[in-house]
Each structure stands twice: as structure tokens, then as C-alpha cells.
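Colleague: I am new to this model. Please take me closely through its strands and how they pair, and then through a few of the helices.

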Amino acid sequence: MKRRILCSNGSKSRRGSILKSLAFSRCGFGTSAAPAFFMDSGISEQEDWDANGVIRDTTLLRKSRDDSGTGLHVMDFVDRDLYSHWLKRCTQMRKLREGRIVHARILNSPFRDDLVIQNTILNMYAKCGSLVDAHKMFDEMPLKDMVTWTTLITGYSQNDQGQEALFLFPWMLRHGLKPNQFTLSSLLKASGNAPIDDKQGRQLHAYCFKCGYDTNVYVGSSLLDMYARCGRMVEAQSIFEGLVSKNEVSWNALIAGHARKGEGEHAVRLFCEMQREYFKPTHFTYSSLFAVCASTGSLEQGKWVHAHVIKSGGRLVAFVGNTLVDMYAKSGSIEDAKKVFDRLVKPDVVSWNSMLTGYAQHGLGKETLEQFEEMLRIGIQPNDVTFLCVLTACSHAGLLDEGQHYFELMKKYNVEPDVSHYVTMVDLLGRAGLLDRAERFIREIPIEPTAAIWGALLGACRMHKNMELGAYAAERVFELDPHDSGPYILLYNMYASAGRWNEAAEVRKMMKESGVKKEPACSWVEIENAVHMFIANDDAHPQREEIRKMWEKISGKIKEIGYVPDTSHVLLFVDQQEREVKLQYHSEKLALAFALLNSPPGSTIRIKKNIRVCGDCHLAIKYVSKVVGREIILRDTNRFHHFRDGSCSCGDYW
């Protein structure tokens with residue numbers, strides 16, 4: 001009786017396994033033992049052969065002992081299915097070199113002109129990120145179908161080469177091919193990835209509408225995402241509402257769009273609606289929500305979303321965990337950021353960078369360097385962002401020698417400094433008072449100094465009251481970026497604090513002539529999930545009278561223990577008494593008084609400010625932390641200040 005080749009149910013997977021086994025038999029290898037090549041390599045039969053005698057996928061991709069290639073050299077008489085199988089495994093495992101070897105074998109096989117095999121090769125190159133090989137393969141194919149065009153378009157789209165993907169679309173139409181939902185989705189992704197404007201996206205939208213794809217859930221979700229990435233949230237919402245059916249992708253695209261625009265309340269509201277509609281949040285949902293909470297410093301909302309992750313049983317996989325670390329750090333809770341970091345399933349370089357950034361922003365210079373050294377010890381390769389975090393930490397903590405050491409260390413790890421690294425080094429030298437060295441450093445760097453580099457020197461000159469060099473740096477900035485208000489304000493403040501009112505007035509005149517306007521200073525504080533914003537001398541808040549009385553009361557107490565208003569920070573030509581009055585109602589002081597009125601005794605107060613905190617407010621808040629016995633965390637544009645018992649974490653170096 002003949003043995004049946006197929007199992008009783010005719011299983012396709014079983015049939016595929018037998019075909020592979022037969023292929024090896026034709027190569028002279030029996031199904032009961034591994035080929036001599038693998039035996040000689042010291043690879044055991046148990047490791048590399050399954051119960052059916054089929055070689056395992058990982059073994060196919062191992063090098064031979066004589067380094068003549070890989071185990072793939074056994075493919076002399078394999079069939080079409082086995083070639084396809086190997087190509088797909090190379091694609092899944094991102095094994096470009098091995099994929100090229102398979103391709104070379106196919107060129108000498110009867111399947112070299114097989115359209116399905118050629119499309120699989122094209123897909124392998126695109127998924128492995130080798131778009132040059134993919135396009136070369138595309139050009140050499142005598143026949144192309146919709147899969148061919150869609151594969152190359154998708155490859156460019158997924159590798160952030162959107163313009164190349166969009167360029168292919170009209171050529172595809174000229175060849176008489178009509179795109180399907182996958183083609184259109186990839187084209188819309190390409191137009192939304194780096195949009196100059198939404199013109200191309202709108203043209204694609206019109207085409208989708210013409211073909212009846214606009215309400216398709218896949219194409220519709222891509223349309224929605226395209227408009228959201230272009231900042232067109234009204235259009236994105238309209239597309240969302242018009243979808244016949246929705247899925248997690250469409251919800252995530254809308255939530256992410258609002259998150260990118262900093263519209264945290266809207267993003268959280270959509271998150272709640274998504275759950276009411278019985279759609280389960282994904283890692284992308286949580287990542288978007290944590291990102292928007294980080295940008296606004298909304299700690300309570302961030303904790304609430306974190307609780308949802310825990311309740312759902314979600315694990316802290318890489319990118320969600322990274323955004324959660326970033327959220328806690330940017331919301332002022334560096335301790336919680338470290339707890340999350342320590343619980344990450346498998347921290348990658350982005351995880352480490354998030355933690356290093358948090359330490360640097362909180363002025364924890366030594367902790368940053370310890371974390372960086374630990375990162376190197378366990379073998380995580382640092383990148384340009386890593387070194388930027390380390391240099392920023394050194395700058396904020398005044399670690400001059402360490403900063404110079406790590407700047408030189410970049411060469412060892414083949415990290416090329418960019419503008420951000422040079423800006424931070426100028427800032428490091430400038431904060432330390434080494435203005436001449438900072439200027440010499442600028443002249444010696446191998447790139448043309450940018451406005452940001454000269455701006456760092458200008459900031460240091462303002463700090464150390466070097467008006468001559470500061471004026472020179474300001475002139476360079478004005479030449480390179482005449483529309484940035486920051487340098488004008490720095491130069492004006494420098495002249496005003498020195499009493500050089502004529503020069504200060506000249507700077508004001510330059511601002512007016514250039515149409516540059518100063519961003520109004522404001523501070524905000526979150527109480528019970530409601531954000532309250534204040535400007536200097538604010539009289540619009542419903543509790544304005546209580547706020548002023550509270551600050552007057554606190555001001556009296558801190559004066560009793562040594563606070564003396566630093567009127568040099570009032571940059572107006574007024575008398576001493578009026579200067580003191582002007583100081584009393586800065587936005588951060590009003591926000592602090594409001595928080596003292598409305599938060600539980602003993603709780604931490606968290607204040608955000610859109611510009612650098614002034615020296616007098618910094619001094620006053622130090623005294624307040626001692627009088628009220630509470631921790632006050634102030635986040636400005638440069639860093640976090642943790643005030644406790646009359647001192648600040650920055651050590652008055654910021």
C-alpha cells in the first residue's frame with residue numbers, strides 16, 4: 001500500500017512542508033538528517049530540523065564555515081514555493097544580504113521572469129530599506145502589475161521618501177492601471193509625512209472621491225491622517241464623521257492629530273468617546289495621549305491615562321514606555337519617570353535618551369552622567385540625541401570639564417556634532433563666564449555659525465553683562481534671523497539693566513521697524529484638571545482680589561526672613577518705589593498665590609512659564625518654599641526649578 005503524501009484534511013501548511021522536504025531530497029539531502037554542511041558547522045539536528053525533516057528558517061540565514069555564503073547555497077533545484085518562502089523570511093527578519101543571495105539564485109533559475117517571484121523580491125528590498133535595489137528591480141521587470149507599482153510606492157512611503165512615492169502615481173495611471181485601496185493609502189501617507197502644504201493631499205482626496213474610495217475605512221483613515229498631519233483638523237473631523245465604519249486606526253489618527261496640535265482636552269475627550277464606542281485603545285493611542293500631556297505638562301491627566309494602561313493589562317513596550325517616561329519628566333515628576341524607566345520591558349536607546357533628557361531638564365547633572373555611564377556599560381550605543389542630553393546636563397549644572405570630555409568622546413562613537421551640539425557647547429562655555437573661549441570656539445567650528453549659535457553667546461553675554469561682545473553677537477543674529485524676537489529682547493534687557501536707555505530705545509525702534517513683537521510672558525498652573533493662566537498684573541481672573549491679598553500676605557512674610565526685591569529686573573525707566581510695585585505682580589507670583597489659595601496644604605505646587613523665570617521671582621519663590629513648607633516646581637523654557645526649604649535645585653546656576 002502506498003504511503004499517502006497528504007494528510008487526511010489536505011492541509012496547505014503540511015503540503016508546503018512536504019514540498020520543502022522534497023526540495024532538499026532533490027538536492028541530495030535526506031529528510032531524516034541534516035545536510036553535512038550544517039552538521040559540519042556544529043549545528044545540531046535538533047536545533048535546525050523540525051519533526052518533518054524541514055530545515056528551520058533561522059538556519060537558512062547562517063554563514064557557512066568557509067564564509068562562502070550562507071546555508072542558502074543548497075538551493076540548486078528548489079521549487080517556486082520554497083523560493084517565495086525564503087524571500088518572505090528574509091523580509092520578515094530584515095536580512096538584506098541573504099535576500100540578495102536568494103535573488104542571485106533566482107536569476108539562474110527557471111523563475112527569473114516569474115511576476116509573483118519578482119514582486120516578492122521587490123517587496124523584500126523595499127521592506128529591508130534598500131530603495132535603490134528596489135527601484136533597480138522595478139526598472140528591470142519586463143511586466144508590472146498593480147502589486148508591483150503598489151509595492152514600490154509603499155516602500156518609498158514607509159521609508160520617509162514621500163515625494164518619490166507621489167512621483168510614481170501619475171506614471172502608474174499613464175500605464176492604464178487603477179490604484180486600489182492599498183495604493184491610495186500609501187500615497188496619502190506619503191503626502192502627509194512631510195507636507196509642504198495640503199495641495200497634493202487634496203488632489204488625492206478628489207481622486208479617492210471620484211473612485212468611491214473616500215468612505216473606505218482604510219483609505220478614509222489615511223485621508224483623515226493626512227489632513228491631521230497638515231494641521232487641518234476640521235477636514236480631518238469631517239472625514240472621520242463620514243466613514244461608514246471606523247476602526248482603531250481612524251480613532252488613533254484623529255487623537256494623534258489633536259495631540260500634535262497640543263489640544264490635550266480634545267484628545268482626551270476623543271479617547272473617552274473611543275472607549276464608549278467599544279474600540280480598544282492601542283499602544284498608538286496611549287503614546288499620543290502621553291505626548292500631549294508631556295507637551296502641556298498635565299501631570300494629573302497623564303497619571304489618569306497611565307492608570308488606564310495598567311487597568312487594561314498593557315505592558316510598557318518601547319515606544320509607549322518612552323512617551324510615558326517623557327511625560328512624567330516634562331510634567332515635573334522625575335522620580336515617577338525613573339520608576340517607569342526601571343519597569344520597561346526592554347529599554348532601547350530612545351528609552352535611555354528620554355531618561356537622560358529628563359535628568360538634564362531637571363538640572364540633575366551628576367545623575368545624568370551616572371545614567372550615561374551605565375548606558376555605555378551595558379552596551380547601548382549612544383547617538384547624537386544621547387550626547388546632546390549629556391552636554392545639556394553639563395551646561396545646566398556647570399560641569400565644564402565633563403562637558404568638554406563628552407564632546408570629545410563623540411568622535412569615539414562616530415557621532416558627528418550638529419548645530420545643536422555646537423549651541424550647547426557655546427552655552428556651556430558662556431555660562432561658565434568663558435566668553436572669549438566661547439567666541440573662539442564659534443570661529444573654529446567646521447560649519448557656518450547659525451543664529452542659534454550666536455544667540456547662545458548673546459545669552460551668556462547678557463548673563464555676565466558683557467555689552468560689547470553681546471552687541472556684536474546680536475548683530476550676527478539679526479543678520480541671520482531678523483524676525484526672531486528673542487535676541488532683541490536680550491539686547492534690550494542688557495542695555496536697560498545697565499541704565500543705557502538710549503541704546504535700549506534704539507533696540508525698541510529696530511523691533512518696531514522690523515515688525516517684531518515680544519511674546520507676552522505668562523504662567524499657568526493646573527488645579528483639579530483645570531488650567532489657570534496668568535499674565536503680569538492680571539486683573540481678569542475671577543479670584544483676582546483674593547490672589548493679590550494672598551501674595552501681599554506672603555510677600556510680607558518672606559521680607560521678614562530676608563527677602564529684598566531685586567529691582568534690577570525691572571527694565572523700565574521708573575523710580576525705585578515703582579520698580580518694587582512692578583515686581584510684585586509678575587505672572588509666576590500670581591500663579592503661585594492662586595495655587596496656595598486653591599491646593600491642599602502640603603501638596604506640591606507645579607507652575608509652568610513660557611519664558612525664562614526672572615531673577616527676582618526665582619529669589620522670592622525660594623523664600624516662599626521655606627515659609628509655607630511646600631515643594632514648588634517651576635518649569636520655564638530652559639529647565640525645571642525644584643524649590644524646597646529655601647533653596648533651588650539649580651543652585652542659582654541657570
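Modeller: What follows starts with the whole chain, goes through the strands one by one, and ends with some helix packing.

This is a predicted model, in which local features need pLDDT of at least 70 and side-chain atom pairs count only at pLDDT 80 or more, while totals for chains, interfaces and linings use all residues. Residues are numbered from 1 along each chain as its sequence is written, and side-chain values use heavy atoms, with hydrogens and water left out.

The chain has 34 helices and six strands; helices (H or I, at least four residues) and strands (E, at least two) are DSSP runs, numbered from the N terminus. Of its 654 residues, 49% count as buried, where buried means under 20% relative accessible area, exposed means over 50%, and partly exposed lies in between (1.4 Å probe, protein chains only). A contact means heavy atoms within 4.5 Å. Among contacts between residues at least 6 apart in sequence, 62% join residues at least 24 apart.

The six strands make an open sheet with mixed pairing, in the order β2-β1-β3-β4-β5-β6. Two strands pair if DSSP finds at least two bridges between them. The edges are taken by β2 (530-535) and β6 (647-648), each with a single partner strand, so one side of each has no neighbour in the sheet.

β1 (residues 522-527) runs antiparallel to β3, and three bridges join the two. In this pairing tryptophan 524 stands opposite lysine 608 in β3. β3 (residues 605-609) has four of its five residues buried, so the rest of the structure largely encloses this strand. With β4, β3 pairs in the parallel sense over four bridges.

β4 (residues 632-635) and β5 (residues 640-644) run antiparallel and are joined by four bridges. Isoleucine 633 and histidine 642 stand opposite each other in this pair. Four of the five residues of β5 are buried, so this strand too is largely enclosed by the rest of the structure. β5 and β6 are joined by two bridges and run antiparallel. Phenylalanine 643 has cysteine 648 in β6 as its bridge partner. The hairpin of β5 and β6 has two residues between the strands, and aspartate 645 takes a positive phi near 45 degrees there.

A helix also covers part of the sheet: α34 (residues 615-628) lies across β4, β5 and β6 and runs at about 40 degrees to β5. Axes are lines fitted to C-alpha atoms, for helices over the stretch in contact, and angles run from 0 to 180 degrees between N-to-C directions.

Now to the helices. In α24 (residues 400-409), the buried residues are Leu400, Gly403, Tyr406, Phe407 and Leu409. They pack against α22 (365-377), α23 (384-397), α25 (419-431) and α26 (435-444). The axes of α24 and α25 are 10 Å apart, at an angle of about 160 degrees. The two helices are therefore roughly antiparallel; angles under 35 degrees count as roughly parallel, over 145 as roughly antiparallel, 65 to 115 as roughly perpendicular and the rest as oblique. The crossing of α24 and α25 is left-handed, the term for a near helix turned anticlockwise from the far one by less than a right angle, with right-handed for clockwise. On the α24 side the contact is made by Leu400, Gly403, Gln404 and Phe407, and on the α25 side by His421, Tyr422, Met425, Leu428 and Leu429. By class, these are six nonpolar, three polar and no charged residues. Here Ala, Val, Leu, Ile, Met, Phe, Trp, Tyr, Cys and Pro count as nonpolar, Asp, Glu, Lys and Arg as charged, and the others, Gly among them, as polar.

α25 also meets α27 (residues 451-464), their axes coming within 8 Å and crossing at roughly 15 degrees. α25 and α27 are therefore roughly parallel. Their crossing is right-handed. The residues of this contact include Val419, Tyr422 and Val426 of α25 and Ile453, Leu457 and Met463 of α27. Counted by class, the contact of α25 with α27 has 10 nonpolar, two polar and two charged residues.
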